[in-house]
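Student: I would like to learn how to read contacts and charges in a protein model. Please take one feature at a time.

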Amino acid sequence: MILRDALPADGPALSEMAKRCYCDTFGTLYRASDLAAFLDATFGENGLPSHLSDPAYKMRLAEAEGGAIAGFAKLGPVVFPGDWGARTVELHQLYVLGPWQGEGVAPALMDWALATARAQGADRLVLSVYVDNHRAQRFYARYGFVEVGRYEFVVGEQVDDDRIWSLDL
């Protein structure tokens with residue numbers, strides 16, 4: 001596994017990987033029209049790939065043999081409602097495709113996210129996780145994250161119950 005910073009040229013492959021990972025994990029929860037609208041807005045040309053050239057965001061890729069993207073992590077400004085303070089950073093996504101889950105990819109990406117947030121001068125890292133994604137919740141709890149609130153995560157016309165988790169750095 002090769003870990004490296006994401007580059008603007010990675011946009012199309014990263015977009016496809018993120019869509020696949022999201023669909024593999026959550027695709028059965030939504031109507032097809034809601035899912036399609038969400039995937040386009042979040043991971044389409046004006047979503048995730050556009051953040052690759054935005055200095056407010058940092059992204060790290062995990063590449064498998066042959067250059068396929070196995071996972072990624074994305075840090076950036078907090079988008080949750082509320083007063084989070086100037087020194088809070090959000091972990092927007094930490095995605096790992098199924099074949100590489102349990103292979104150390106997620107911990108390597110989380111270690112990068114924590115080190116990068118600290119190097120940026122952040123004193124807190126926040127994220128949201130779907131209320132029924134217990135595997136992710138256990139993963140974040142192992143790092144010391146604690147649930148601090150709720151967040152309405154919108155996918156098309158469907159509103160999901162996400163939980164906001166926080167870690168003091």
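Tutor: Start with contacts, meaning heavy atoms within 4.5 Å. In the protein, among contacts between residues at least 6 apart in sequence, 62% join residues at least 24 apart. This is a predicted model, where local features need pLDDT of at least 70, side-chain atom pairs count only at pLDDT 80 or more, and totals for chains, interfaces and linings use all residues. Residues are numbered from 1 along each chain as its sequence is written, and side-chain values use heavy atoms, with hydrogens and water left out.

Student: How many salt bridges does a search of the whole structure find?

Tutor: Side chains of opposite charge can pair when their charged atoms come close. A salt bridge is a side-chain nitrogen of Lys or Arg within 4 Å of a carboxyl oxygen of Asp or Glu. The search of the whole structure gives 11. One of them joins Arg-20 to Asp-24, with the closest N and O atoms 3.9 Å apart. Both residues are in helix α1 (residues 11-26), and being 4 residues apart there, they are separated by about one helical turn. Helices are DSSP runs of H or I with at least four residues, strands are runs of E with at least two, and both are numbered from the N terminus.

Student: Which parts of the chain does the pair Arg-31 and Glu-157 link?

Tutor: In the salt bridge between Arg-31 and Glu-157, the closest N and O atoms are 3.3 Å apart. The pair links distant parts of the chain, 126 residues apart: Arg-31 is in the loop between α1 and α2 (32-43), and Glu-157 in the loop between β6 (146-155) and β7 (158-168).

Student: Is Arg-163 buried or exposed?

Tutor: Buried means under 20% relative accessible area, exposed over 50%, and partly exposed in between (1.4 Å probe, protein chains only). Arg-163 has 18% relative accessibility, so this residue counts as buried. Arg-163 forms a salt bridge with Glu-147, the closest N and O atoms being 3.1 Å apart. Glu-147 lies in strand β6 and Arg-163 in strand β7, so the pair ties together parts 16 residues apart in sequence. Glu-147 is partly exposed at 43%. A network of salt bridges links Glu-147, Arg-150, Asp-161 and Arg-163.

Student: What is the nearest side chain of opposite charge to Lys-74?

Tutor: Lys and Arg count as positive, Asp and Glu as negative; His and the chain ends are not counted. For Lys-74 the nearest such side chain is Glu-90, 8.1 Å away; Lys-74 is buried yet has no salt bridge. Lys-74 is placed in strand β3 (residues 69-76).
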